[in-house]
Amino acid sequence: MVFSDLELKRIEQAVGGLCRRRSPAHLKDKLRLEYSVKGHEVVIVERRPKWDNSKEWVESPVAKLKFIRSANKWRFYWQRADLKWHEYPGRSSSDRINDLVREIDADPLACFFG
């Protein structure tokens with residue numbers, strides 16, 4: 001089963017809120033933080049215009065949140081230089097998505113925003 005309407009609203013509130021906070025209005029043509037939901041995964045990406053063609057946008061993955069329904073837990077991943085998803089070395093799971101979104105926003109290990 002994919003996410004229910006209520007779960008999607010919680011995702012929008014938590015992850016969408018992060019994306020709005022980290023996407024300043026005055027930079028909307030230069031930088032955006034966005035997310036997508038596919039199956040039981042929420043992927044957050046940073047979007048910027050391509051350096052040599054400002055009409056094309058490129059995406060750089062920031063974080064991935066995966067809901068494990070059988071455990072009722074969210075798992076948390078970041079993408080390393082090898083371009084593979086790795087379990088986040090800090091708080092790697094929670095039963096509340098808000099906890100993990102706060103960790104992304106704070107970025108105490110500089111895994112997401114440098």
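The largest nonpolar core of this predicted model has 23 residues, and those that touch the most other members are Val15, Ile44, Leu65, Trp74, Phe76, Ile97 and Phe112. H1, strand E2 (41-50), strand E3 (53-68), strand E4 (73-79) and H2 each supply at least two residues of this core. Its largest share, five residues, comes from H1. Here a nonpolar core is a set of buried Ala, Val, Leu, Ile, Met, Phe, Trp, Tyr and Cys residues joined through side-chain atoms within 4.5 Å. Buried means under 20% relative accessible area, exposed means over 50%, and partly exposed lies in between (1.4 Å probe, protein chains only). Helices (H or I, at least four residues) and strands (E, at least two) are DSSP runs, numbered from the N terminus. In soluble globular proteins, nonpolar side chains tend to be buried together.

Residues are numbered from 1 along each chain as its sequence is written, and side-chain values use heavy atoms, with hydrogens and water left out. Because this is a predicted model, local features need pLDDT of at least 70 and side-chain atom pairs count only at pLDDT 80 or more, while totals for chains, interfaces and linings use all residues.

**Around the core**

Let us start with isoleucine 44. Not counting residues up to four places away in sequence, Ile44 touches Val15, Leu18, Cys19, Leu33, Glu34, Tyr35, Pro61, Val62, Ala63 and Ile104; contact means heavy atoms within 4.5 Å. Helix H2 is worth a look too: Ile97, Asp99, Leu100, Val101, Glu103 and Ile104 are its buried residues. They pack against H1, E2, E3, E4 and strand E6 (93-94).

**How the strands pair**

Two strands count as paired if DSSP finds at least two bridges between them.

| Strand pair | Sense | Bridges |
|---|---|---|
| E1 and E2 | antiparallel | seven |
| E2 and E3 | antiparallel | ten |
| E3 and E4 | antiparallel | five |

As for the turns, E1 and E2 form a hairpin with two residues between them, where glycine 39 has a positive phi of about 60°. The hairpin of E2 and E3 has two residues between its strands. In the hairpin of E3 and E4 there are four residues between the strands, and asparagine 72 takes a positive phi near 55°.

Is valine 37 buried or partly exposed? Valine 37 is partly exposed, with a relative accessible area of 35%. Valine 37 sits in strand E1 (residues 32-38) and, leaving aside its neighbours within four places in sequence, is in contact with Phe3, Leu8, Ile11 and Val42. Its C-alpha atom is separated by 9.9 Å from that of glutamate 12, 25 residues apart along the chain.

Lysine 64, in strand E3, is buried at 12% relative accessible area. With neighbours within four places in sequence left aside, lysine 64 contacts Glu41, Val42, Val43, Arg75, Phe76, Tyr77 and Trp85.

Most residues other than glycine have a negative phi, and most peptide bonds are trans. Asparagine 72, in the loop between E3 and E4, has a positive phi although it is not glycine, and at 49% relative accessibility it counts as partly exposed. Aspartate 107 likewise is a residue other than glycine with a positive phi, near 50°. Aspartate 107 is found in the segment after H2 and is buried, with a relative accessible area of 10%.

**The largest pocket**

The largest pocket has a volume of about 240 Å³. On a 1 Å grid over the protein atoms alone, a pocket is an open set of points where a 1.4 Å probe fits, with protein on both sides within 12 Å along at least five of seven lines, and lining residues have an atom within 4 Å of a point. Grid points are joined across faces, edges and corners, and the volume is the space filled by probe spheres set on the points.

Which residues line the largest pocket? They are Phe3, Glu7, Arg10, Ile11, Gln13, Phe67, Asn72, Trp74, Asp95, Arg96, Ile97 and Asn98. Helix H1 (5-21) and helix H2 (97-106) each supply at least two residues of this lining, and the largest share, four residues, comes from H1.
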